[in-house]
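I set out below what I looked up in the model, entry by entry.

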Amino acid sequence: QVKNKAPAEVQITAEQLLREAKERELELLPPPPQQKITDVEELNDYKLRKRKTFEDNIRKNRTVISNWIKYAQWEESLKEIQRARSIYERALDVDYRNVTLWLKYAEMEMKNRQVNHARNIWDRAITTLPRVNQFWYKYTYMEEMLGNVAGSRQVFERWMEWQPEEQAWHSYINFELRYKEVDRARSIYERYILFSALVIVHPDVKNWIKYARFEEKHSYFAHARKVYERAVEFFGEEHMDEHLYVAFAKFEENQKEFERVRVIYKYALDRIPKQDAQNLFKNYTIFEKKFGDRRGIEDIIVSKRRFQYEEEVKANPHNYDAWFDYLRLVESDADAATVREVYERAIANVPPIQEKRHWKRYIYLWINYALYEELEAKASKRTRQVYQACIELLPHKKFTFAKMWLLYAQFEIRQKNLPLARRALGTSIGKCPKNKLFKGYIELELQLREFDRCRKLYEKFLEFAPENCTSWIKFAELETILGDIDRARAIYELAIGQPRLDMPEVLWKSYIDFEIEQEEYEKTRNLYRRLLQRTQHVKVWISFAQFELSAGREERLQRCRQVYEEANKAMRSCEEKEERVMLLESWRSFEEEFGSDTTKERIDKLMPEKIKKRRKLQAEDGSDAGWEEYYDYIFPEDTANQPNLKLLAMAKLWKKQQQESEAAAMDPDKDIDESQT
């Protein structure tokens with residue numbers, strides 16, 4: 001019995017008990033004594049105890065695969081292969097995704113020369129886990145070591161159906177090459193190239209280079225060249241890689257095809273940005289030093305200035321300012337063939353990015369080239385070819401240059417070839433319509449007095465840009481000049497009915513001026529009314545009043561005054577008081593010229609009082625920024641309608657009367673004199 005049931009001074013928690021138990025687990029236990037087995041009964045007893053230990057460990061935690069592997073390896077050490085096999089099978093039932101388990105199982109079968117069992121295990125492994133490359137490597141290596149080449153090839157073929165990574169394909173190729181099967185290796189390369197083109201998002205250049213070098217190594221030079229050409233075509237200009245072109249050029253150099261090498265280098269340098277082509281430029285320089293012709297050597301011995309330009313354009317082929325300077329130099333002291341060559345080299349440096357801002361300088365190379373051929377070389381055919389080549393080069397779906405089309409059309413007109421000029425401008429409008437192209441084409445047809453063509457062009461123009469007010473006005477002016485007033489009026493009506501316009505005020509003014517020119521005053525008046533339904537701008541009212549004044553009828557003054565009256569009523573709700581003041585000033589100037597004393601007096605009463613006020617300013621951060629003075633206008637009509645202002649005026653009048661009465665009380669003599677008087 002416990003006599004003292006009070007709590008102990010030092011309390012022991014469950015956490016402390018667990019920690020101490022864990023620490024004592026780490027204490028080194030003395031090794032078990034060595035046991036010598038002398039007979040079969042002791043051996044069987046030892047096996048029974050050992051197996052019981054392993055089974056207990058497995059029963060405690062079936063997912064620990066190391067326990068299974070130790071158990072199987074122990075059985076294997078006792079040459080109990082059947083038992084070990086049974087243990088591995090039980091382990092695979094627990095975790096068939098464990099790679100180590102499959103490897104140990106297969107290695108045990110191979111170690112004990114159980115080939116068919118090993119094949120069975122590898123087949124099961126690659127069927128269950130086909131993405132584990134180690135199984136495939138081990139399986140093919142085992143078959144090859146057994147001399148079963150056909151079986152190894154069959155395993156490789158099964159592997160390739162899963163489209164593995166690059167190294168697997170190269171392993172298959174090396175396997176075929178070890179047995180001198182060049183044709184089979186070539187077919188595997190073809191399959192891999194096709195696979196990389198269809199499946200891999202960014203195929204690598206090195207696979208194509210390896211394929212070409214494989215063909216070159218086995219003396220199939222035509223096949224190697226074809227592989228390089230296919231690679232260049234496959235990658236195109238969007239994914240150009242300098243390593244491909246360097247390898248291609250070196251292959252051609254080994255075949256003594258120096259012209260092909262030069263073409264390859266120039267083609268690549270013209271299209272790959274300079275910062276990505278350092279190695280390419282270096283190899284090209286070495287090649288020219290070794291095998292350069294007269295032209296390459298001549299570039300070194302020319303004048304210092306020309307050498308500088310060459311270096312600049314070679315270092316950066318897209319430096320178009322350097323090309324312009326270089327072309328001016330060669331045009332001054334070189335023959336036509338040299339000038340054409342430099343121009344061809346210059347225009348071959350197409351901007352790598354299809355954005356208009358990168359092409360604005362480049363396009364002038366073509367313009368200067370065409371002008372040189374026309375004015376200096378007097379070669380109209382070459383000029384036409386230059387214009388056509390430039391137009392074909394431009395990416396019209398993204399952007400175009402209207403000046404190029406117009407220059408080409410003007411050239412054809414100078415050559416008295418009107419159908420070609422029209423065809424060029426029509427093509428430009430069909431491919432890439434622009435305002436400048438329409439205007440240029442219409443101007444050409446106007447000069448030729450082809451008014452029906454002008455009408456059609458204006459229709460197409462307005463279908464393309466219905467918001468362009470200038471086009472509507474020009475079209476209507478054309479019909480007016482041709483005397484078709486109804487068509488002009490219909491065009492104006494269509495124009496003002498558009499939902500979106502860039503300069504509607506200009507369009508309305510032009511329409512109103514048109515009706516005034518036709519002396520259709522009632523229609524003009526209706527136009528003003530329609531415009532005022534859309535906007536209450538003060539300038540519209542003033543213009544309306546001035547129109548009524550200039551209409552030239554007897555009641556013009558009355559109509560003008562009526563417009564001012566309506567405008568004043570409409571402008572009362574306007575927040576911009578300056579506009580209302582502008583209207584009243586215009587009205588007053590009208591009355592001073594044409595009005596009577598009564599009307600003048602009336603308009604003077606309508607004029608506002610200009611007063612100075614102060615208002616508080618605030619900075620952007622919300623803090624006070626002081627006060628500012630500004631002028632405000634108080635209109636008499638607004639004062640009469642607002643009771644607060646009327647009350648204020650009455651208060652001022654009362655105060656004035658009070659001051660007068662106080663002054664009279666202070667001076668009584670003055671009151672007597674006034675009464676006597």
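**Entry 1. Terms and source.** For residue classes I count Ala, Val, Leu, Ile, Met, Phe, Trp, Tyr, Cys and Pro as nonpolar, Asp, Glu, Lys and Arg as charged, and the others, Gly among them, as polar. The model is predicted: local features need pLDDT of at least 70, side-chain atom pairs count only at pLDDT 80 or more, and totals for chains, interfaces and linings use all residues. Residues are numbered from 1 along each chain as its sequence is written, and side-chain values use heavy atoms, with hydrogens and water left out.

**Entry 2. The chain as a whole.** I first looked up the secondary structure and found 37 helices and two strands in the protein chain; helices (H or I, at least four residues) and strands (E, at least two) are DSSP runs, numbered from the N terminus. Of the 677 residues in the chain, 37% are buried (under 20% relative accessible area; exposed is over 50%, partly exposed in between; 1.4 Å probe, protein chains only). The chain exposes about 42500 Å², and carbon and sulfur atoms supply 50% of that area (Shrake-Rupley method, 1.4 Å probe; for residues, only the protein chains shown count as cover). I then turned to contacts (heavy atoms within 4.5 Å). Among those with a separation of 6 or more, 47% join residues 24 or more positions apart.

**Entry 3. The second largest pocket.** I noted a space of about 580 Å³ in the second largest pocket. Its lining numbers 20 residues, and E237, M240, R271, P351 and P352 are the closest to its centre. A pocket, on a 1 Å grid over the protein atoms alone, is an open set of points where a 1.4 Å probe fits, with protein on both sides within 12 Å along at least five of seven lines; lining residues have an atom within 4 Å of a point. Points are joined across faces, edges and corners, and the volume is the space filled by probe spheres set on them. By class, I recorded eleven nonpolar, one polar and eight charged residues in this lining. Helix α14 (residues 258-271) gives the largest share, five residues. K266 also belongs to helix α14. I list K266 as partly exposed because its relative accessible area is 39%. K266 and L280 are 14 residues apart along the chain, with 9.9 Å between their C-alpha atoms.

**Entry 4. H318.** I located H318 in the loop between α17 (304-315) and α18 (320-333). Is H318 buried or exposed? H318 counts as buried, because its relative accessibility is 17%. Beyond its neighbours within four places in sequence, H318 contacts D270, N349, V350, P351 and P352.

**Entry 5. Two nonpolar cores.** A nonpolar core is a set of buried Ala, Val, Leu, Ile, Met, Phe, Trp, Tyr and Cys residues joined through side-chain atoms within 4.5 Å. In the largest one, of 78 residues, W323, L365, W366 and M404 touch the most other members. Not counting residues up to four places away in sequence, W323 touches V313, P317, V342, R345, A346, N349 and L365. Apart from this core lies another, of 77 residues, and A168, Y172, V232 and M240 are among them.

**Entry 6. F156.** I found F156 in helix α8 (residues 149-160). F156 is buried, because its relative accessibility is 4%. Its contacts, leaving aside neighbours within four places in sequence, are T140, A168, S171, Y172 and F175. F156 and W136, 20 residues apart in sequence, lie 7.8 Å apart, C-alpha to C-alpha.

**Entry 7. L557.** L557 is in helix α32 (residues 556-570). I list L557 as partly exposed because its relative accessibility is 25%.

**Entry 8. Positive phi.** Most residues other than glycine have a negative phi. K79 has a positive phi near 65°. K79 sits in the loop between α3 (65-77) and α4 (81-94), and I list K79 as exposed because its relative accessibility is 64%. S219, which is not a glycine, has a positive phi of about 65°; S219 lies in the loop between α11 (205-217) and α12 (221-235).
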